[in-house]
Every structure is written in structure tokens, then in C-alpha cells.
Amino acid sequence: MRDFIDLHSHWIAHIDDGARSPAASVAMLSRLFQAGFSTVIATPHMRPGMFDNDRPALERAYAAMGPHLEEASVPLPKVGLASEHFFDDVVFQRLVSGEGVPYPSVPNAPNAPHPPGVRRAVLVELPSSAFPRNLQARFFDLRRAGLAPVLAHPERYQPVWKDIGALTPLLDAGTHLQLDLCSLVGKYGRAAQRAAEELLEEEAYEIASSDAHKPEDVDAVVSSIERLEALVGRAERSRLLIEGPRSLLSL
């Protein structure tokens, strides 16, 4: 298939812990295209104190990749820019004030939900060991600001290892869940894999993404897509890799 949409990847060079060079960026995108992804959205980290990226810095880094992609001698997917926002106080204020980098909007996408007041979807990441206080209320605040939160790799958070019910308040706040595909093949350990499989059984995910950081990661992504289909079937694989991402890009 050639219609998969990847809404979580780190292919932009020299901006976070992703691609180390423009050549690695091109190689990663080429491999994702070969794996069936027709669209790949870059989501470099915005995490003060670790990756001190703001929106202008991310936009500059994305623009700098343009000539390298244009000169590539191999087929590449369509690309776009968003960010993986680490949900601390600084980044929260950026988001509600319009200084984040939500997903690009693709108007008139088919079968698109349009929740009242929501204009764009935005990828957020939480601390791995514990959820911040008042998280549900803050996710409601995002919705009031016109942003639909997409929670990156919930299966990798320790509260979810103990009980996937920890996500219920966030789902009640209108949060969409994003599966890190490679959780299905044990990349992040048995606890994350077990949580991912349980969330799949509950049909809790809206999208599945690569979270690729280097070209070699795509080998595990391919195996993970095969594992995903074995677990849930082709129709659900299509929903998570095509229809779900397309709907989020239509907000």
C-alpha cells in the first residue's frame, strides 16, 4: 500500500535527537516511502531544557531541509511540519497563546469529524513516570483554545502500564491516542507492548505512527505494521494508518 500517513517522526536534521544529517533525513523518508507512507509529518521536539525549540526555530529547520529533499534522487513522501510538544507549563502557555506547531490542516478531507470550536490537532508528550496534575483540565483548556490534543505513545507511560483506565479522564477531555508502532514488537519493553496490545483490543487508538528517529528504525516499523495487521486485521490497520490520520489533518 502507498497511502499510509505518518503523524509522528523525527526526520528533520540537526534539531533534536532525530536525523543527524540531511542525508539521514532523506534516507529515512525514502525508507518510509518504501514502507507505504505517502505522507510523513515531521514532529521535532519542543521541550525546554532539553530541546529548546520554539516555532520559528522549527520552521527554519524545516525550510532548510527543502533543497535537500528537492535534490534527492529517490522517491519521497509528501512532508509537513508539526511538533511533539512536551506538556510542561512553558509549552502549555505557548500552545494556548498560539505559539505551538499544530498539525497542518488539509481542508475538505473525507470522513472528517469537526468537533465544535476545534480548529487544529496538536501532538503532546507527557513525562513517562507520572501524569502532571490537573492534566484533564488543561486538555479541556486546549480544546477551548481550538486545539485537539493527540497524546503521543500512551502505552509508554508508566501510569498506563498499571491501568489503562488512567487514560479515561483524558479521553473524556477529547484526547486522541497515537500508537507508537514499534511498541508492538517490544522496542520499549514488555510493559509498553502489553499496554499497546490492551489499548488495541479496546479500540482506543485513533492513529498509529512510526516515531522514527533514524533510517534504521524503519525496519522495525515495517515489522510493526505486519504485527498490527496480525493483531487487528487489515481494516483496523487502514483506520489507524490512513483514515484516522487523514481525519486529524482535516481539523
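Here are some questions and answers about aromatic rings and a helix contact in this predicted model.

User: How many aromatic pairs does the structure hold?
Analyst: A pair of aromatic rings is described by the distance of the centres and the angle of the planes. Rings count as paired if their centres lie within 6.5 Å. On that basis, the number of aromatic pairs in the structure is five.

User: Is the pair of F4 and F37 stacked or edge-to-face?
Analyst: The ring centres of F4 and F37 are 5.5 Å apart, with 65° between the planes. Planes over 60 degrees apart get a label of their own. So with 65° against that cut-off, F4 and F37 are edge-to-face.

User: How many residues apart are F4 and F37?
Analyst: F4 is in strand β1 (residues 4-9), while F37 is in strand β2 (residues 37-42). Their pair links distant parts of the chain, and the separation is 33 residues.

User: Is F37 buried or exposed?
Analyst: Buried means under 20% relative accessible area. F37 has a relative accessibility of 0%, so F37 counts as buried.

User: What kind of pair do F131 and Y157 form?
Analyst: The centres of the F131 and Y157 rings are 5.9 Å apart, and their planes stand at 80°. Anything over 60 degrees goes in one class, so this pair is edge-to-face.

User: Which parts of the chain does the pair of F131 and Y157 tie together?
Analyst: The two parts are 26 residues apart in sequence. F131 lies in the loop between β6 (120-125) and α4 (135-144), and Y157 in the loop between β7 (147-152) and α5 (158-162). So the pair ties together the β6–α4 loop and the β7–α5 loop.

User: Which residue has its charged end over the ring of F92?
Analyst: F92 belongs to one aromatic cluster along with F87 and F139. A charged end sits over the F92 ring, 4.4 Å from its centre, and that end belongs to R138.

User: How far is R156 from the ring centre of Y188?
Analyst: R156 lies over the face of Y188. The distance to the ring centre is 4.0 Å.

User: How many charged residues are in the contact of α8 with α9?
Analyst: On the α8 side are I225, L228, E229 and V232, and α9 brings R234, E236, R237, L240 and L241. Five of the contact residues are nonpolar and none is polar, while the charged ones number four.

How values were computed
Residues are numbered from 1 along each chain as its sequence is written. This is a predicted model: local features need pLDDT of at least 70, side-chain atom pairs count only at pLDDT 80 or more; totals for chains, interfaces and linings use all residues. Side-chain values use heavy atoms; hydrogens and water are left out. Rings of Phe, Tyr and Trp (its six-membered ring) pair if their centres lie within 6.5 Å; planes under 30 degrees apart count as stacked, over 60 as edge-to-face and the rest as tilted. Helices (H or I, at least four residues) and strands (E, at least two) are DSSP runs, numbered from the N terminus. Buried means under 20% relative accessible area, exposed over 50%, partly exposed in between (1.4 Å probe, protein chains only). A charge sits over a ring if NZ of Lys or CZ of Arg is within 6 Å of the ring centre and within 35 degrees of the ring normal. Contact means heavy atoms within 4.5 Å. Ala, Val, Leu, Ile, Met, Phe, Trp, Tyr, Cys and Pro count as nonpolar, Asp, Glu, Lys and Arg as charged, and the others, Gly among them, as polar.
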